[in-house]
Amino acid sequence: MASDIEPLERMVEEIDRAIDDATGVPAPERPPRRFDHDGSTLVVGERGQGELTFVLVHGIGMGRKVFGDLAVRLSRDARVLAVDLPGYGEAPEPPRTPTIERMADAVAALLRAEGATDAVLIGHSMGTQVVVEVAARHGLGSRVVLVGPTIDDSARRARTQLRRLAADLLDESPKVLLLGAREYLRARPHLIRKTRAMIVHRPEDAYPRVAVPALVVRGAEDPVSPEPWCRRVVAALPQGNYAEVPGHGHETMIRDAAPAHRLIREWLGR
């Protein structure tokens, strides 16, 4: 049996490398490592070094590799930690599907273990819900960046969210589609339950408790995170700021991270 499994594992690894090569995912600077907390596991990729640490948290169905471009740009003068949340990317499926709050607890435990409690927290899509809870629930992070924040509380329904995501993907690049397909296949076990955990979470209850400066970044053509919703997110944050990336949709940091990276760096400089 083992001899049958080994060729299959090698084939999967070869396909994985081929997708990385085709989409420009950078080679890891350091071997990824596991971090266990309360019965679930994060996988952490690290690159760069410096006094400042960035922590990158992905959206529903995704994983840390979608941040390859952004991670390289940020790591030129900083330390970057990109995580696979439990059951996503290369992180094993947990025994029970965690809530957004439980995933935030795991990320907070990682920050404490890594001595990165004052990191800049960057979340994309569902990842914005996680980092908001890290900041509000645990009081961690020196800055928070929310890219394409979810869930629009006027459309807290799975069908609506899926329809909006499909509309966004219709005009996306092959890079985003290929990376997204690979990551969604990895996250497929219990994906309905994972989506439900995202939808029932109420980030609007956490926004007023975020005590640090926050930046909301929206792709100007993003149907998943409409402008009125993003403006309301900014208004709910005690120190909220707003920026748009022209010509981009919901996956702005995945397709081409340069504009979002520039906005984040300019904001941090201010």
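This is a predicted model: local features need pLDDT of at least 70, side-chain atom pairs count only at pLDDT 80 or more; totals for chains, interfaces and linings use all residues.
**Ground rules.** I number residues from 1 along each chain as its sequence is written, and I work with heavy atoms for side-chain values, leaving out hydrogens and water.

**Entry 1, salt bridges.** I searched the whole structure for salt bridges (a side-chain nitrogen of Lys or Arg within 4 Å of a carboxyl oxygen of Asp or Glu) and found 17. I looked up Arg 64 and Glu 90, whose closest N and O atoms are 3.0 Å apart. Arg 64 lies in the loop between strand E3 (53-57) and helix H2 (68-74), and Glu 90 in the loop between strand E4 (79-84) and helix H3 (100-113), so this pair ties together parts 26 residues apart in sequence. I took helices (H or I, at least four residues) and strands (E, at least two) as DSSP runs, numbered from the N terminus. For accessibility I call a residue buried under 20% relative accessible area, exposed over 50% and partly exposed in between, with a 1.4 Å probe and protein chains only. On that scale Arg 64 is buried at 11%, whereas Glu 90 is partly exposed at 35%.

I then noted the salt bridge of Arg 73 with Asp 69, with closest N and O atoms 3.0 Å apart; the two residues are 4 apart in helix H2, about one helical turn. Arg 73 is partly exposed at 21%, and Asp 69 is partly exposed at 22%. For Glu 114 and Arg 79, I read a closest N and O separation of 2.5 Å. This pair links distant parts of the chain, with Glu 114 in the loop between H3 and strand E5 (120-124) and Arg 79 in strand E4, 35 residues apart. Glu 114 is partly exposed at 22%, while Arg 79 is buried at 14%. Through shared partners, salt bridges join Arg 33, Glu 46, Arg 79 and Glu 114 into one network.

I defined a nonpolar core as a set of buried Ala, Val, Leu, Ile, Met, Phe, Trp, Tyr and Cys residues joined through side-chain atoms within 4.5 Å. The largest has 47 residues, of which Leu 85, Val 130, Val 134, Val 144 and Leu 146 touch the most other members. H3 gives this core its largest share, 9 residues. Apart from it I found another core, of 25 residues, including Leu 56 and Met 253.

I located Thr 128 in helix H4 (residues 126-138), where Thr 128 is buried at 1% relative accessible area. The Thr 128 side chain reaches the backbone oxygen of Ser 125 at 2.6 Å.

I found 1 aromatic pair, taking rings of Phe, Tyr and Trp (its six-membered ring) as paired if their centres lie within 6.5 Å, with planes under 30 degrees apart stacked, over 60 edge-to-face and the rest tilted. The rings of Tyr 207 and Trp 229 have centres 6.4 Å apart and planes at 50°, so I record the pair as tilted. Both residues, Tyr 207 and Trp 229, are buried.

Note on methods: A polar contact is a pair of N or O atoms within 3.5 Å; within protein, one must be able to donate a hydrogen and the other to accept it, and residues adjacent in sequence count only if both atoms are side-chain atoms.
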